Amino acid sequence: MDPELGQEVAVEGIHTALRQLWAQDEARTNACLINFAVYSEQPGSLRKNSEIVRVLTREHACRALLIEMDRGATQASIRAWITAHCHLSEGRKSVCCEQISFALTGVSRGRLRNTVFAHLSSDLPLILWWQGELSPIFEERLYSVIDRFVFDSADWENPSESFRLVDQAISESSHPLVIQDLAWTRSYHFRLAVASLFDDPLAQQQIGAIRLVEITCHPRHRNSALQLLAWLAVLAGWRTGLELHLAISKKHGNKQGFSFEQKNGAVVEATLTFDENSAPVGLLHIAGGSLDIKVDREKASTHIHMRLAMGDHVTDTLAPAGCDDCALLIGEQLARGGKNSLFLKILPMFREMLD
Amino acid sequence: MRGLFCRHIPDCPEFLLYPVAVIGCNPFPPMSNPFREDLVSRTRPEACTVVIFGATGDLAHRKLVPALYNLTVSGEMPPGVKIIGFARREKTDQEFRDGLEEINRKVSRTGHDDEIWKSFAPNIFYHQSEFTDADGYRRLAEKLDAIDRDRGGKGNRLFYIASAPEFFDDILTQLKAAGLNLAKDSCWSRVIVEKPFGTDLATAQHLNQVVNDTFHEKDTYRIDHYLGKETAQNLMVLRFANAIFEPLWNSRYIEQIQITCSENLGMEGGRGGYYDKSGALRDMVQNHLLQLLSLVAMEPPTDLSADGVRDEKVKVIRSLRKWDTPEKVLKNVVRAQYVKGSVDGKSVPGYREEDRVDPESMTESYVALRIMIDTWRWSGVPFYIRMGKQLPKKASEISVHFKSPPGVLFNALPTGVPGGNVLAIRIQPDEGISLRMVSKIPGTSLRLEPVKMDFQYSTSFGKASPEAYERLLLDAIAGDATLFARRDEVEEAWKFIDCIEHAWQQQETSMPMAEYVAGTWGPKEADDLLHEDGNSWRRL
C-alpha cells in the first residue's frame, strides 16, 4: 500500500478492486462528472499529481487517471494503484472520487490508449492534462480520444514547434478537440479587468486612439504576456507588421518590441519587459488619446489593481487576481468549460509573434 | 476633456458644468466592447449606482450588500458600482459601512476579504431621510450627481425598494417628483420591487399603476428570489435541453405534480405581526409557488428573451381553473393553523399563541391546494401545492409523478409494482434532481423495489451556487428581466388567489380552519384532499 497512491493492483484487476473499494464503506458517495487524465514523463510525478487531484476533487468530481511514463527504460512494464479522494460535502456527506495511477516504462505502441484509457468512466468527457514537453506519444491515435487537451506552454522549451504540433492535432482530430493552455488561463483576470474597464463607453471611444501597450511579465511567462498582447490586438482589430510586410518584433536586452497598425492607420507600439521579480503577468499599461489604463499585480499578490484615467476622471478598483498554482488553474478551467474559441481566434497572431 | 466630449452635444446643457463622464450624457452612439468577447456568456452589466430603500433592514444587510460584495469578489460586477443606503435612522457613511462589514463577515458566501472590502466600502454611502420627505429625495438626486462627479459614474441608477410595503407608494411617488425615475441620455433608471406586490388584485393593480406611472414596465423588476435559485433556473434546461423529458411532459404520461414548500420555523423574531395579516396563501403561494408552477407547466418559449419566457408563464397562470363558489374552494383548498407541538426536539407554541398574532386569528399557517390547469397539455392532471410553517423540516421541491406502466407483467407478483417513476426537483436545501425508478432486488426471486438516481449540485459541481440575490441583482444591472415577474403575471396570480380569499372571507364561519400539531406534515384534511384522487403527499 502506497500512502499517496493507495493499493497496488494488477492492471487486469482494476475494475474488481475499485468495486471492492466502494463495497468497504457504504456511507460514501462516488461522484464523477469527467474523466481527468494527467500525463507526465517526469520521475516522481504520480505522487505530486495525486496531491493536485486531491485538491481538485474538492470542487470537480472526476475519475482521475494518473500516468507516469519512463520512455527511456529498456523494458516495457506497467504498474497500477487505486485509491479514492474523499471530502466532506457541506460538512455532511463524504463524497469520493476514484483515482487510478499507472507507472509505465519502455515504449510499446498504442499502450497508453489501449490500456490506460480502457479505464475511463463511460459517457463522460475525457480531459487530458499533458505536463511538460510534447513527446512522440502525442499522436493522432491518442488525441482522437480526448475531448479537452490541457497543457502549460510555460513549460515548453520550444513553444513554436509545440504549438505547431497542437495546431496539427486540432486539424487532424476526428472530432472537435478543445485545447487549453494554462498560460492563457493565467492571463484571464487581466483580460477580465481590461474588458470591464472598457465597459465604460468613453473608454470604448478611445480604442482607436491607443498608441502604446506595455506589458511586464516574469521571463518564464512570456507566453502568457504574448497571448495577452495577441488578444488585445485581435479584438481591437489591429494588423500586425507581417500583414504590412514589416518586421514586427525587435528584441533589446530584457525587452521585446512589437508594432501594430490600428484600423485608422495609426501605429501602436507594444513592449514586453521581462522581470524576474514580476508576477507571471505583472503590469499591463494601455495608453493613447486621453486614455490611460493600468492593470497591475504585485508578485504573489492575490489581487490586481485596475486604474482607468481619462483626464480628470480616474477610477481605482481592486479585483481578485486568480491563482498561479497549476491545480487551481486547472480547477478554473474545468469550472469554465466552453470551447475556448477565443483562444483559437488569437492563436494565429500569437504564433506569429512567437516566431 | 470637457470640451473634447461635449462640444457636439448642444442638447446636453449640463456639459458646460461637468465633464461628460460625470454627468452621464453620453453623446456617442452606443458601441460594443470588443474585449468582452467570450469572457462571459451573459448580458453585460453596466456600472451604476444602486440605491437601497430600507437600507438599515435585514434584507439589505444580510442579502443585498453581501450579494453585491460577492459579485465584486467574483469579478462579475463592473468597476464603478456604488451603493447608497436610504433609510430613516441617523447614521454616518462610516457607521453604515461598519454595520455592513460586521454582517458581511458572518454571512458572505465567499468569505470576507479585508483587501477587497477596503476598495468596496468607499463606494458605499448612507442617505438619511423619511420615505415621505420630498426634500430627502431632492438631496438624494444631488448626492447621486455629486458621487458620480467625485468618483466617476455614468448616471445609471438602480432603485431597490426593500422597505416595508406600506412605503412603496410614497417612495415611488417621491422618486417621480424628484425626477429620479427619468434616465439621463444613454443611461437607464430601473426599479426593483420586493414582494409583496400588493395584498390582493386591487392593491396589486394600484401598486402596478404607481410603479408604471413612475417607471416603464421594461425598467421594472419585481423580484421573486425563488426564481434566482439554481434549480429553478435549471427547470427550463431540464425540460427543454433534455430530449427524454419533454415528450413525456403531459397528461398522457404524468399522473400528478406536487409542489411543496415546508418551513420548520414559526413566528420567531416578531414575524407574527406581518404574517398574521398575510398568511401562507398570500405570502408564498401567490408569488413563489405559482412562479414555480408556471415554469413547470409552461409551453416551450419561442426564445429565451425575458418576454418570450414570461409570455408562456402568464398563459399558465391564466389557465388555472378558477373556483367561483365557496363550495368549490372548500373542495380544493385546505387551510390550517398549527397547534402546540415540538419541532427539532423543542416545544413550540400554537399559531394563535405566537407573539404578535391575534389570539382569534383566522390566518392560515398552512395551505394545500388542488389546482387544475385547463390546457391541452395538462387536462386532468392535478397539481398539488402545499406550504406550511412549523413542519418537520425546511424543504422546497417539485415532484413529477409519472403514470404507472401497464401492469400486465408484474402485477401478479406478491409485492406488485412499487409505484411509478418520480422526478423530484429539489429547490432547497441540497439543490438537485432525483429520479425514482423500479428495479429488481438481487436474488433468485423476482421482487421489485424503488431505487433512486440522484444528482446534487453540491457534489457534482463542487462550486457553491451563487446566492439567488446575486444572480437577480446582476440580471437587473444587466437589464435582463427574464427571472422577474411581469405586471400581467402578478395580476393574473392575484385573480386566482382572490377567488380563494374571497370565499374564505365570505364564509368565515362555515369555512373550516383545520389544525395540525406543530412538527407534523400538516392536517389530516390535506391528506384527504389527495386521497380523494387516490394519491398521497410525497414523503420528504
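Predicted model: local features only at pLDDT ≥ 70, side-chain atom pairs only at ≥ 80, totals over all residues.
User: Let's start with the fold of chain B. What makes up its secondary structure?

Analyst: Happy to start there: chain B has 16 helices and 17 strands.

User: And how do you know whether chain B is as compact as a globular protein of its length?

Analyst: By setting its radius of gyration against the globule rule. For 540 residues the rule gives 24 Å, and chain B has 26 Å, which is close, so chain B is as compact as a globular protein of that length. Along the principal axes, its C-alpha trace spans about 90 × 55 × 45 Å.

User: What about chain A: what does the radius of gyration say there?

Analyst: A compact globule of 355 residues would have a value near 20 Å, and the 23 Å of chain A agrees with that. The C-alpha atoms of chain A fill a box of roughly 70 × 45 × 35 Å along the principal axes. Its secondary structure comes to eleven helices and 18 strands.

User: How many of the residues in each chain count as buried?

Analyst: The cut-off is a relative accessible area under 20%. By that test, 55% of the 540 residues in chain B are buried, and in chain A 56% of the 355 residues are.

User: What share of the contacts in each chain comes from residues 24 or more positions apart?

Analyst: Taking contacts with a separation of 6 or more, such residues account for 76% in chain B and for 70% in chain A.

User: Where is the kink in α10(B) centred?

Analyst: On Gly279(B), where helix α10 (residues 272-297) bends by about 95°.

User: Ser278(B) is in that helix too. Why is Ser278(B) called buried?

Analyst: Its relative accessible area is 10%, and the cut-off for buried is under 20%, so Ser278(B) passes the test.

User: Which residues does Ser278(B) touch, not counting those up to four places away in sequence?

Analyst: Ser278(B) touches Asp283(B), Thr363(B) and Glu364(B).

User: Now Asp528(B), in helix α16 of chain B. Why does Asp528(B) count as partly exposed?

Analyst: Its relative accessibility is 26%. Buried would need a value under 20% and exposed one over 50%, so Asp528(B) falls in between and counts as partly exposed. Helix α16 itself covers residues 524-531.

User: How far apart are Asp528(B) and Thr260(B) in sequence and in space?

Analyst: They are 268 residues apart in sequence and 16 Å apart in space, C-alpha to C-alpha.

User: One last topic, the surface and the charges. What share of the accessible surface belongs to carbon and sulfur atoms?

Analyst: In chain B the share is 52% of about 22900 Å². Chain A exposes about 14700 Å², with carbon and sulfur atoms supplying 50%.

User: And how far apart do the centres of positive and negative charge lie?

Analyst: For chain B, with 68 positive and 77 negative side chains, the two centres lie 3 Å apart. For chain A, the mean positions of 35 positive and 43 negative charges are 2 Å apart.

How values were computed:
Residues numbered from 1 in each chain as written. Chains lettered and ligands numbered in written order. Heavy atoms only, no water. Helix = DSSP H or I, 4+ residues; strand = E, 2+ residues; numbered from the N terminus. Rg over C-alpha atoms; globule rule 2.2 N^0.38 Å. Buried < 20%, exposed > 50% of the residue type's maximum accessible area, 1.4 Å probe, protein only. Contact = heavy atoms within 4.5 Å. Areas by Shrake-Rupley, 256 points an atom, 1.4 Å probe, with all protein chains shown as cover. Lys, Arg positive; Asp, Glu negative; His and termini not counted. Charge placed at Lys NZ, Arg CZ, Asp CG, Glu CD. Bend = angle between axes of the 7 residues up to and from the residue.
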